[in-house]
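These are my notebook entries on one structure. I wrote down what I looked up, entry by entry.

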Amino acid sequence: MERAKTYERRIGLLLRAGVAVSSVLMAAGLLLATFQSAQPAVDYNPTLRELLIGLTSGQTNESTALLLMFAGLVVLMLTPFLRVLAALFAFLAEKNWRFVGVAAVVFCILVGQLIYSLQ
Amino acid sequence: MSLESFLLLLTGGVVAGTIGTLLGIGGGLFLVPFLVLVAGVPVHQAIATSIVAVIATSSTGASVYLERGLVNMRFGMLLEVATVIGAIAGGLTANVLSGPTLTKIFATVMMVTALLMLRRSANNKHGDAPETNGAFASEFNDDASGSVVRYSVKNIPGTMAISLLAGNLSGLLGIGGGAFKVPAMHLLSGMPMKAAAATSNFMIGVTAAASAFIYFSHGHLNAVLASAAVLGVLGGSFLGTRISRRIHGKTLAWIFVGVLFLISAQMFFR
């Protein structure tokens, strides 16, 4: 029981970390959009690939604020996926095979839906 | 975005996040009408924002509730299987029933659920008296009553069937399934209200995450709008977890009944 509680607390920390990182990115994007002179195009919608390229290029332009906000939103959207994965590993560590199966089914369905939606 | 618009979105987010986290229903049912009617946001963008807001509510709420031992993680994971299968099967249901018919069915079921919860709350003068001889036994410290609440879960197949339906409706109507899951866990499975709301909070983010990427890939997610609203929701969710600590399970059930009646009426007159 105590071991299970430890895993649950760790999953809670993972969720908290996801929320914290996404909040910082969104707040930074909003602040940058407020103080930069050139306003970003509000209808700008990058793909995941464009988002990654834009964030790792090291260059800043009028879209950087939006890219930061999108990055925050994507981190938030990925947090539940990581939560299911973390639960899967927690059940593996507990050798609770029935729930390893349950978590694996949920994770596979989620990833399947994600791949389908991004095609 | 003007400061007024930002503050408006932030405020809407705070209200949706507080209620959503407190009751385990996500807050999308409040945020969508608010964004469309008050902030003048196009419906698709409002739904996309609301879905990301549900993830924010779920992640913030679950992180706190897991630490407090309020979430029944194993039971929640089991119900998630039914919910995600239900969400995928949404397309099948859409072929059988039209949108307006579904909305009416949803509203009727919600009204009946509210009446059942009302009867349970009225008869239950001393708060939750859960059984402890079922499956998924758990316990938590209830700060409001100052006692340790021990409970277990019964009627698992029935609750899974309702979770399947909740996932199905979530996908079809763009609404959170928490409004069904919480009463199912409370009335059918016999979970204390606080544990039911916390476990629903834990689950709803997963259902919403898959839909969120669909809206993102279709270009419906407006980053400025969603960031402002979600930051508000995060603040509201934190507030919701604080209120949850002080509120009694019975009071929570009464608030839930009131919200169910409101949602049901909104659906009937949509």
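**Entry 1: a helix pair in chain B.** Before looking at angles I noted how they are defined: an axis is a line fitted to C-alpha atoms, for helices over the stretch in contact, and angles run from 0 to 180 degrees between N-to-C directions. I also noted that this is a predicted model. I then looked up helix α9 (residues 193-217) of chain B and helix α11 (residues 249-268) of chain B, whose axes come within 8 Å and cross at roughly 60 degrees. The two helices, α9(B) and α11(B), are therefore oblique to each other. From α9(B), the contact uses B:Met193, B:Lys194 and B:Ala197. From α11(B), the contact uses B:Gly249, B:Leu252 and B:Ala253. I sorted the residues of this contact of α9(B) with α11(B) by type and got 4 nonpolar, 1 polar and 1 charged.

**Entry 2: confidence.** I looked up the scores next. The predictor gives the complex an ipTM of 0.89 and a pTM of 0.88. For chain B the average pLDDT is 84, and 91% of the residues score at least 70.

**Entry 3: where the chains meet.** The contact takes 39 residues from chain B and 40 residues from chain A. On the side of chain B that touches chain A, at least two residues each come from α3 (43-68), α4 (73-88), α9 and α10 (223-246). I noted that α3(B) supplies the largest share of that side, 10 residues. By type, the side of chain B that touches chain A divides into 26 nonpolar, 10 polar and 3 charged residues.

**Entry 4: B:Ser59.** I picked a residue of helix α3 of chain B, B:Ser59. Is B:Ser59 buried or exposed? B:Ser59 has 28 C-beta neighbours inside 10 Å, so I put it down as buried. Leaving aside neighbours within four places in sequence, B:Ser59 is in contact with A:Leu15, A:Gly18, A:Val19, A:Leu76, A:Thr79, A:Pro80 and B:Gly205. I also checked B:Phe30, which is 29 residues from B:Ser59 in sequence and 18 Å from it in space, C-alpha to C-alpha.

**Entry 5: the core.** In soluble globular proteins, nonpolar side chains tend to be buried together. Here the largest nonpolar core has 121 residues. Those with the most contacts inside this core are A:Met69, A:Leu73, A:Met77, B:Val52, B:Ala212 and B:Val230. Helix α3 (residues 64-94) of chain A gives the most to the core, 17 residues. Not counting residues up to four places away in sequence, B:Val52 touches A:Leu73, A:Leu76, A:Met77, B:Ala212, B:Ala226 and B:Val230.

Entry 6: I looked up B:Leu78, which is in helix α4 of chain B. B:Leu78 counts as buried because 22 C-beta neighbours lie inside 10 Å. Its C-alpha atom is 14 Å from that of B:Asn201, 123 residues apart along the chain. The other leucine, B:Leu164, is in helix α7 (residues 156-173) of chain B. B:Leu164 has 20 C-beta neighbours inside 10 Å and so counts as buried. Not counting residues up to four places away in sequence, B:Leu164 touches B:Ala82, B:Ile85 and B:Gly86.

Conventions: Residues are numbered from 1 along each chain as its sequence is written. Chains are lettered from A and ligands numbered from 1 in the order in which they are written. This is a predicted model: local features need pLDDT of at least 70, side-chain atom pairs count only at pLDDT 80 or more; totals for chains, interfaces and linings use all residues. Helices (H or I, at least four residues) and strands (E, at least two) are DSSP runs, numbered from the N terminus. Angles under 35 degrees count as roughly parallel, over 145 as roughly antiparallel, 65 to 115 as roughly perpendicular and the rest as oblique. Two residues are in contact if their C-beta atoms, placed from the backbone, lie within 7 Å. Ala, Val, Leu, Ile, Met, Phe, Trp, Tyr, Cys and Pro count as nonpolar, Asp, Glu, Lys and Arg as charged, and the others, Gly among them, as polar. A residue is buried if 20 or more other C-beta atoms lie within 10 Å of its own, exposed if 12 or fewer, and partly exposed in between; C-beta atoms are placed from the backbone. A nonpolar core is a set of buried Ala, Val, Leu, Ile, Met, Phe, Trp, Tyr and Cys residues joined through C-beta atoms within 7 Å. pLDDT is the predictor's confidence in each residue, from 0 to 100.
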